[in-house]
Amino acid sequence: MDAAFTPEQSEIRRTLRAALSKGGPPGPPERDGTGSAAGAGPGYDPGLWARLADPLGLPGLALDEKYGGAGCGTTELALASEETGRALVPLPLFATSGLAAPLITALGTERQRAELLPGIAGGSLTAALCVPGTALATALALTGGDAHGTWAGGGRAGGIQARPDGHGGWRLYGEAEQVLDGHSAGLLLVAAHTGGFTRGRTLLFLVRARDADGLRRTRWTALDETRPQARVQLRDTRAELLGDDPGADVPAALAATGRTAAALLAAEAVGAAAAVLDRTVGHVKDRQQFGRAVGSFQAVKHRLADLYVSVQAARSAAYYAAWDPGEGTLALAQCLEALRTVAGEAIQLHGGIGFTWEHAAHRYFKRAASDELLFGPVHRLRARAAEAAGLFAPAAAVPAAPAAGFADGPRGGVGAGPRPGAREAAGV
């Protein structure tokens, strides 16, 4: 196989890096006078998002051309995610193009796809996936499998419940606690439990935020304000079933989306790790200590070399996952660990300014910690990858060992005598 990027893929990276470098410094959005992020608007720069959508076509990069997309695939979207992670500029790209758009494409009817996907591709419509409680990683099958979708509220209460309204529509009741970009998205994809207690199943529903009754959305003050989160409450809210098959295997579709999402998140983490490492190298080159650059000390060189190797290994894993999303979970674990390590070392190597609020190093560390809380932790991602690879399969039955000191044959017969090592085992 040819692992080199095509000229078109390289151009995507170059163009996005140039565009995002003009998008303003990374950091939290403007706050209201109360000091809370709840009233901080959409949480991203709508002007920058519009420029990335037209003429660059970033939101529709992986959508089919007949819906206004660019017709590219996961690799191109992962390269774009690497650049957004490098810039650490808040954008609704992951929630809209990484989670919602693939589910609409996989499960939606042709009418729904024709109605919704062109708006997503053009940047005029943003979307968010609402999963009950804090079960996003479980719903996407990143940290565990749940083919029955019990995380959606498998009992008589809890989670988000859906019931038919008797007129061909549905009504939703419940809440989701951690919805990425949920406070500003124009379209909500809500995972809800339907069918009662004994014969229930999990389905996805469309809620158009503009005219939804009984919908309340509250933006949280999150650890990482470059990835906004919100609580979405539904109180007898009108909804539309995504697709026309009440028997659709929604958990399988969510798991497939989770594999692609893991590849995108891995690329994001690699971009952020590379950016903070570049910042650190630049700092130790300029910072003087005892009449010489800090970076000239051998101990600092060794630490930077280790960080460079960690970033390059994580980048290789992320690129492979972009080519084969089935490896996304393992790649995500490695990339999140690399970002956490590099960001932590960057704070240390920046010395007295590294831990201050004014410096950008803490934002990269918060991104690593926040992503691990949302989609991890790392050890569970690795355990899930090992489980999917069959490493935890039960061992084959081992036949009982013969009597100590004797071969398999009858005592005194052919082959009798002590086994090799029997004397040592017996302590002789």
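Strand E2 (residues 160–164) and strand E3 (residues 170–180) run antiparallel and are joined by five bridges; strands are DSSP runs of E with at least two residues, helices are runs of H or I with at least four, and both are numbered from the N terminus. Two strands count as paired if DSSP finds at least two bridges between them. The model is predicted, with local features requiring pLDDT of at least 70, side-chain atom pairs pLDDT 80 or more, and totals for chains, interfaces and linings using all residues. Residues are numbered from 1 along each chain as its sequence is written, and side-chain values use heavy atoms, leaving out hydrogens and water.

Ala162 stands opposite Leu172 in E3. The hairpin of E2 and E3 has five residues between the strands, and Gly166 adopts a positive phi near 85° there. E3 is also joined to strand E7 (residues 229–241) by nine bridges, in antiparallel orientation. Val179 has Ala230 in E7 as its bridge partner.

Five aromatic pairs were found (rings of Phe, Tyr and Trp, the last by its six-membered ring, with centres within 6.5 Å; planes under 30 degrees apart are stacked, over 60 edge-to-face, the rest tilted). The ring centres of Phe94 and Phe375 are 5.9 Å apart and the planes stand at 80°, so this pair is edge-to-face. Because Phe94 belongs to helix H4 (residues 93–107) and Phe375 to helix H10 (residues 361–375), the pair ties together parts 281 residues apart in sequence. Phe94 and Phe375 are both buried (under 20% relative accessible area, with a 1.4 Å probe and protein chains only).

Definitions and conventions. Buried < 20%, exposed > 50% of the residue type's maximum accessible area, 1.4 Å probe, protein only.
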